[in-house]
Amino acid sequence: MATSGRIALVTGANRGIGFEVSRQLGRLGYHVLLSGRDAAKVAQAAEALRAEGFSISPLQLDISDPASIQAAAAQVTQEYGRLDVLVNNAAIYYMTRQKASNVDLSLAQAAVQTNVLGAWQMAQAFLPLLRKGTHVRIVNVSSESGSIARMKTSYDSAIYSMTKAALNAVTRMLAVDLKSEGILVNSICPGWVDTEMGGPGGRPIPDGAASVVWAVTLPDDGPTGAFFQDGQPLPW
Ligand SMILES: NC(=O)c1ccc[n+]([C@@H]2O[C@H](COP(=O)([O-])OP(=O)(O)OC[C@H]3O[C@@H](n4cnc5c(N)ncnc54)[C@H](OP(=O)(O)O)[C@@H]3O)[C@@H](O)[C@H]2O)c1
């Protein structure tokens, strides 16, 4: 499909995998709305990719704040009137050494607000714009740690894993709702990636980002409501 003139919004894109997804989409010819919660960081990141020759606009957007999501949707409506791709990438709270049996559940609310409700509200708020797009894709950046099928050993990162399992449920339900409109919705694990969240030792950021971009560039008859890493199915 021709990508020139197509518009993609990436959340949490000022660093890490989201930044590299923005770069790879820029390379493919997308106009990228590079979003993040800190306006200064977003402006700096957008400028860095513009300097590499890509078509990038900064967008201040805190996905944990419903008012910020609504304001961003209003801004994109006014400035572009449509959206072709939404990459729900932003997430928080990967913490090891947390077990389901004793983790402090008062910490769960913020993680759910960002990782689950933030992505879900993004999809809802931008749906009117996505419905005006073409070859529309919603990509929820998830994690293998949210695979219930693989939670067979004593599990750590319990809260984070729960949020990614819930995000996967949102993926499935949105995919069912939007299938008749030709909108593809998938969950993608980027693998263990060497970012601030992943920590040292993971694979290079471009490899993790490519796993995500694969789902953006699926053909119209591609899969929907599924969970992948590097184009290969993962068990729910
Ligand atoms: N790295 C891995 O090994 C790995 C493995 C599996 C899945 N993932 C998933 O991949 C995605 C990207 O992870 P990463 O490794 O790139 O993480 P990261 O380096 O920690 O970057 C996270 C990004 O999300 C942003 N963010 C956090 N809360 C936000 C909010 N409320 N509103 C908007 N932006 C927000 C951060 O912005 P600030 O700079 O303002 O904090 C940052 O830009 C996440 O969904 C993560 O769960 C990562």
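**Close-up views of a predicted model**

**View 1. Tyr93 in a loop of the chain.** Tyr93 is found in the loop between strand β4 (85–88) and helix α4 (108–130). Helices (H or I, at least four residues) and strands (E, at least two) are DSSP runs, numbered from the N terminus. This is a predicted model, in which local features need pLDDT of at least 70, side-chain atom pairs count only at pLDDT 80 or more, and totals for chains, interfaces and linings use all residues. Residue numbers start from 1 along each chain as its sequence is written. The phi of Tyr93 is near 75°, a positive value in a residue other than glycine. Most residues other than glycine have a negative phi. Tyr93 has 17 other C-beta atoms within 10 Å, so it is partly exposed. On this scale a residue is buried if 20 or more other C-beta atoms lie within 10 Å of its own, exposed if 12 or fewer, and partly exposed in between, with C-beta atoms placed from the backbone.

**View 2. His135 in the loop between α4 and β5 (137–141).** His135 is not a glycine, yet its phi is positive, about 45°. His135 counts as partly exposed because it has 19 C-beta neighbours inside 10 Å.

View 3. Ile69, Ala72, Ala73 and Val76 of α3 are buried. Seen down the axis of α3, the buried residues fall within an arc of 100°, so they line one face of the helix. The arc is that of the directions from the helix axis to the C-beta atoms.

**View 4. Surroundings of α3.** The buried residues of α3 pack against β2 (31–36), β3 (56–60) and α4, a contact being two residues whose C-beta atoms, placed from the backbone, lie within 7 Å.

**View 5. The protein chain as context.** The protein chain has 6 helices and 8 strands, running β-α-β-α-β-α-β-α-β-α-β-α-β-β from the N terminus on. Of its 236 residues, 49% count as buried. Among contacts in the protein chain with a separation of 6 or more, 70% come from residues 24 or more positions apart. The C-alpha atoms fill a box of roughly 50 × 40 × 35 Å, taken along the principal axes.
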